[in-house]
Amino acid sequence: MNSSVFSQIALAPADPILGLTEAFNADTNPAKVNLGVGVYQDGSGKVPILEVVREAERRWQQKEETKSYIPIDGVPAYNKLVQRLVLGENSEVMASGRALTAQALGGTGALKIGADFLKRFFSESKVYISTPSWENHRAIFEAAGFEVQTYPYYDPKTHGIEFDEMMSALKRLESQSIILLHASCHNPTGVDLSHDQWMKVVEVCRERKLIPFLDFAYQGFAVDPESDAFAVRAFAESGLQCIIANSFSKSFSLYRERVGGLTIVTADADETKRVQSQLKRVIRTNYSSPASHGAQVVALVLGDAQLRVQWLEELSTMRNRILAMRKLMVARLKEKGVERDFSFIERQCGMFSFSGLDLEMVRKLKAEKSLYIVNSGRICVAALNENNLDYICDAISEVVR
Ligand code: LMR
């Protein structure tokens with residue numbers, strides 16, 4: 001018998017988020033709605049190409065002179081502009097050469113090269129993620145070889161944060177533990193720490209000598225890009241070393257172009273050079289160097305005063321539409337006689353609502369209504385619109401009764 005070398009390979013489970021998109025695409029029900037993946041859709045249900053992106057692409061097409069490789073760590077101008085957007089225009093950290101930024105394949109790619117980099121130098125460290133966290137966090141750090149554990153975060157009873165429990169857990173961590181934090185628009189809960197709470201987390205990281213790793217995928221979706229950078233800048237300016245993964249998938253609606261960055265804040269300019277050289281090795285042995293197009297587009301926008309203003313406007317249009325849908329959803333559920341209190345949806349921020357729908361409800365909504373929701377009950381509010389809201393609210397009101 002000729003048995004295949006692959007015969008022992010078992011079928012992997014579908015991805016908890018992107019697997020839903022696969023199932024959604026295969027569904028023939030015309031009423032179907034994908035409330036799973038975190039992708040912004042406009043009022044007509046389309047994932048838009050921003051006008052500012054079209055303009056930058058037009059300009060870049062005229063400017064581009066070669067398709068030769070870009071550097072291992074990406075487009076230099078892009079890296080500078082990303083650093084400025086993340087750390088702030090007048091960042092002392094930047095001025096003193098205490099930060100390096102490498103272009104990455106979206107936020108996920110940034111997490112991955114960050115995880116691989118850390119594994120090389122902190123192989124014994126454990127990684128701590130919030131309860132709950134984005135489904136892929138655990139997977140990425142486990143794939144890099146880390147043991148991943150959790151710290152308390154969300155309290156389903158209050159729809160707030162178990163801050164005391166979180167702090168006590170952090171205070172017990174061994175030094176050099178890697179703590180994964182969501183810089184803004186916590187995914188999946190939409191509940192962020194207050195400024196005071198962030199400052200306390202900075203202090204515990206200092207006391208316990210932890211390694212803070214901030215996932216910053218939704219800059220501009222809570223208040224605006226500057227305000228949303230509070231946590232990142234609090235860490236960067238604290239004198240601690242920290243790591244920041246940022247993404248333009250959402251804020252530029254550039255999902256498929258895979259544009260993000262990894263910024264590492266160091267102790268001094270010499271350390272920056274050494275860390276950068278090692279990060280470049282990680283990138284080179286993963287995919288050699290990133291693609292150019294998306295980063296050039298972002299760089300063109302961030303580097304041009306007028307285009308930048310246009311981007312901020314388009315970003316606020318996205319943010320405001322999501323806010324409006326939050327309000328409308330809460331009101332519509334009430335109108336339909338749903339007694340359960342969903343008012344917390346209005347207080348959450350970013351693309352998601354941690355709805356409190358349980359697994360049985362989520363399964364029922366998928367099987368009977370073709371509504372695709374992450375098993376945790378996370379709903380992408382950015383997929384709601386005036387045309388599908390009634391259908392969604394009717395379906396939810398049926399299952400929560
Ligand atoms: C999400 O959380 O839905 C997004 O970040 C997309 C993804 O890659 O999971």
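Which strands and helices are among what covers the buried residues of helix H15? Before I answer, please keep in mind that this is a predicted model, in which local features need pLDDT of at least 70, side-chain atom pairs count only at pLDDT 80 or more, and totals for chains, interfaces and linings use all residues. Residues are numbered from 1 along each chain as its sequence is written, and side-chain values use heavy atoms, with hydrogens and water left out.

Let me start with H15 itself, which runs over residues 389-400; helices here are DSSP runs of H or I with at least four residues, strands are runs of E with at least two, and both are numbered from the N terminus. Its twelve residues reach 16 Å from the first C-alpha to the last, close to the 16 Å expected at 1.5 Å a residue, where the expected span is 1.5 Å times one less than the number of residues. Buried in this helix are Leu389, Ile392, Cys393, Ala395, Ile396, Ser397, Val399 and Val400, and buried means under 20% relative accessible area, exposed means over 50%, and partly exposed lies in between, with a 1.4 Å probe and protein chains only. The cover over these buried residues includes strand S1 (33-34), helix H12 (305-335), helix H14 (359-369), strand S12 (371-372) and strand S13 (378-380), contact being heavy atoms within 4.5 Å.

Next, a pair of helices. The axes of H3 (residues 76-87) and H9 (residues 230-237) come within 8 Å and cross at roughly 100°, the axes being lines fitted to C-alpha atoms over the stretch in contact, with angles from 0 to 180 degrees between N-to-C directions. The two helices are therefore roughly perpendicular to each other, since angles under 35 degrees count as roughly parallel, over 145 as roughly antiparallel, 65 to 115 as roughly perpendicular and the rest as oblique. Arg84, Leu85, Val86 and Leu87 of H3 make this contact with Val232, Arg233, Ala236 and Glu237 of H9.

Finally, some backbone details. Most residues other than glycine have a negative phi, and most peptide bonds are trans. Here, a cis peptide bond joins Thr131 and Pro132, with omega about -5°, and Pro132 is found in the loop between strand S3 (126-131) and helix H6 (135-143). Another cis bond joins Asn187 and Pro188, with omega about 20°. His159, although not a glycine, has a positive phi of about 60°, and this residue is partly exposed, with a relative accessible area of 24%. Lys209 also has a positive phi, near 55°, but is exposed at 57%.
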